[in-house]
Every structure is written in structure tokens, then in C-alpha cells.
Amino acid sequence: MLRSAVKPAADLFFAVKYAALRLPLRRKYQSFVDGKYGVEVGGPSLLFKTVLPLYQFAAGLDGVNFATDTVWEGSIEAGNDYRYYPGKRGRQFIDEAADLAEIESAQYDFLLSSNCLEHVANPIKALHEWRRVIRPDGALILVLPNKESNFDHRRPFTTFEHLLDDFNSDVGEDDLTHLEEILALHDLPMDPPAGDLEHFRQRSLKNFENRTLHHHVFDVQLIEKMLDYVGFEILDLSTTRTDFFALSKKGR
């Protein structure tokens with residue numbers, strides 16, 4: 001799958017989705033990015049060009065994705081080819097979100113992640129890794145989907161205790177604990193690429209390859225608890241119809 005085959009359609013979808021939206025406190029977020037170097041896990045995201053424009057302010061940005069071929073980006077390669085904004089590119093890492101072993105500790109001023117953490121089986125483990133690669137007083141800018149506007153709206157919110165159990169059990173990305181719940185409650189008409197129930201089931205059984213499942217469903221309370229547990233100071237937590245936006249800082 002070539003990047004050129006999927007990016008225009010995806011960009012058009014998100015351009016329409018976010019055209020009328022702007023995050024009111026965006027300048028507060030921008031101040032942690034302006035003239036600084038960061039890394040993005042699971043990007044690039046059109047959201048950081050529209051609702052929360054950040055790319056154009058960064059001095060540089062590297063990217064992390066889990067594979068060289070993904071549903072969202074098509075074919076990508078490790079190296080100096082992370083294209084996140086016109087005229088700007090950084091280094092592309094091919095790594096798991098919860099294992100950034102290629103990146104030394106305290107390398108970046110900020111970390112961005114939009115609509116990615118819900119696809120990670122062990123969010124607390126990932127957040128520990130993300131915190132590790134951020135410098136002291138650096139920022140995490142995290143965007144998670146608001147279930148009320150997507151195909152998860154029938155599912156219950158995940159509990160913090162469940163996330164903690166996953167962390168303590170060192171759950172891996174091959175985990176399918178939530179599959180039966182997802183198959184029963186996923187609103188298929190709101191997710192056209194999923195196809196019918198059987199197609200969705202077969203795709204979901206291969207989640208380790210495609211990472212399309214939303215393992216967990218987040219609300220404000222869960223976001224607050226997991227960021228606090230990992231050691232981030234929350235500076236803002238805003239809710240829109242489609243997403244939760246969290247700005248937090250790593251302490252020294």
C-alpha cells in the first residue's frame with residue numbers, strides 16, 4: 001500500500017471533520033512547541049494542522065510508527081523521511097509505542113500523540129516510555145477520541161484499575177482481551193472500513209498486524225488518573241465533541 005494512495009483521502013476526511021473547530025486554548029499548547037524539538041507517536045495527524053495547529057511552530061519533529069506499512073500511512077521507511085508539514089521533515093522511527101528503545105532518555109522538548117493511545121494495548125507502559133524520552137519540564141500533548149462521536153459510543157469506559165492490571169501484567173500488543181466486547185458493541189455503520197461483522201471479526205483477529213482496534217475507551221477521569229500515575233502534571237484537559245485534549249508537563 002503506497003502512502004500516496006491513502007493520504008489524500010484521509011486528509012480530506014479530517015479536513016472536513018475539523019474544518020469548523022479550533023481548540024480555544026491552542027496558544028497555551030503552542031508555547032510548549034514553539035521553536036522546540038519534539039517527537040510524535042502515531043502521526044502525522046491533520047489535527048495538528050487544523051484544530052490544534054502545532055507543526056508549523058516546531059523547530060523539528062521526528063515520528064514513530066509501529067510498522068513500515070500501516071492502514072493510515074501506507075508504506076513508510078525508517079530514516080530521515082518523516083514528512084509532517086510542507087517543507088519540514090524529521091526522522092522516522094519504526095518502533096512500538098510502548099517500546100522506544102531506539103530513543104535515548106530526555107531527548108525531546110515535547111511529545112505529540114493524536115488518536116493513537118486507544119490503539120495501544122498497554123497505555124500506562126506506553127506513557128512511561130513517552131515520559132522517559134521527554135526532557136524535564138517538557139510537554140506531552142495527548143489527544144484521545146471522545147466515544148460519544150464515534151463507533152465506541154456503546155462501549156463502557158475502561159477503568160483505571162484495568163489499565164493498571166494490564167501494566168502490572170505486562171500485556172503485549174497481541175492482546176485481544178476486549179475483542180468480544182468490541183464485536184458486540186462496535187457500531188459498524190459508523191465505521192465503513194470495518195465492513196460487515198464477519199469482515200470486522202477477521203480483521204480484528206489480525207490486530208497485531210493492523211492495529212485498528214480501540215483496546216480502551218477513555219473519559220476525563222481516566223485520562224487524569226493515568227497521567228497522574230505516570231508522573232505528569234496536567235496543565236489543561238479540554239473536551240470537544242470529538243476528542244479529549246490533554247496538555248501535561250514532565251516534572252524534574
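Let's start with Phe160. Phe160 is buried, with a relative accessible area of 15%. One caution before I go on: this is a predicted model.

What does the ring of Phe160 pair with? Its partner is Tyr229. The two ring centres are 5.7 Å apart and the planes stand at 65 degrees, so we call this pair edge-to-face. Phe160 belongs to helix 4, while Tyr229 belongs to helix 8, residues 220–230. They are 69 residues apart in sequence, so the pair ties those two parts together. Tyr229 has 37% relative accessibility, so Tyr229 counts as partly exposed.

Now the other rings. How many aromatic pairs are there? The count comes to 4. One of them is Tyr82 with Tyr84. This pair is stacked, at 5.9 Å centre to centre and with 25 degrees between the planes. Are these two buried or exposed? Tyr82 and Tyr84 are both buried.

Take Phe157. The charged end of Lys147 sits over the ring of Phe157, 4.3 Å from the ring centre. Then take Phe208. Arg211 lies over the face of Phe208, 4.7 Å from the ring centre.

Next, salt bridges. Side chains of opposite charge can pair when their charged atoms come close. Searching the whole structure gives 13 salt bridges.

First up, Asp81 and Arg83. Their closest N and O atoms are 2.7 Å apart. Asp81 is partly exposed, at 25% relative accessibility. Arg83 is partly exposed too, with a relative accessible area of 46%.

Next, Glu102 and Arg91. Here the closest N and O atoms of the salt bridge are 3.7 Å apart. This pair links distant parts of the chain, 11 residues apart. Arg91 is in strand 6, residues 88–94. Glu102 is in the loop between strand 6 and strand 7, and strand 7 covers 108–114. Glu102 counts as partly exposed at 45% relative accessibility. Arg91 also counts as partly exposed, at 39%.

Then Lys125 and Asp170. Their side chains meet in a salt bridge of 3.0 Å, N to O. Why does this pair tie together separate parts of the chain? Lys125 lies in helix 3, residues 123–133, and Asp170 lies in the loop between helix 4 (160–168) and helix 5 (179–185), so the parts it joins are 45 residues apart in sequence. Lys125 has a relative accessible area of 29%, which makes it partly exposed. Asp170 is partly exposed as well, at 49%.

Back to Asp81 and Arg83 for a moment. Which residues join them in a network? Salt bridges with shared partners bring Asp81, Arg83 and Arg89 into one network.

Last topic: two strands. Strand 9 covers residues 232–239, and strand 10 covers residues 243–250. They run antiparallel, and 7 bridges join them. What connects one to the other? A hairpin does, through 3 residues. For one example of a bridge, look at Ser238: its partner in strand 10 is Phe245.

A general point to keep in mind as you look at strands. In a regular strand the side chains alternate between the two faces of the sheet.

To recap. Tyr82 and Tyr84 stack. The search finds 13 salt bridges. Strands 9 and 10 run antiparallel. Thanks, everyone.

Technical notes
Residues numbered from 1 in each chain as written. Predicted model: local features only at pLDDT ≥ 70, side-chain atom pairs only at ≥ 80, totals over all residues. Heavy atoms only, no water. Salt bridge = Lys/Arg side-chain N within 4 Å of Asp/Glu carboxyl O. Buried < 20%, exposed > 50% of the residue type's maximum accessible area, 1.4 Å probe, protein only. Helix = DSSP H or I, 4+ residues; strand = E, 2+ residues; numbered from the N terminus. Pairing = 2+ DSSP bridges. Phe/Tyr/Trp six-rings, centres within 6.5 Å; stacked < 30°, edge-to-face > 60°. Lys NZ or Arg CZ within 6 Å of the ring centre and 35° of its normal.
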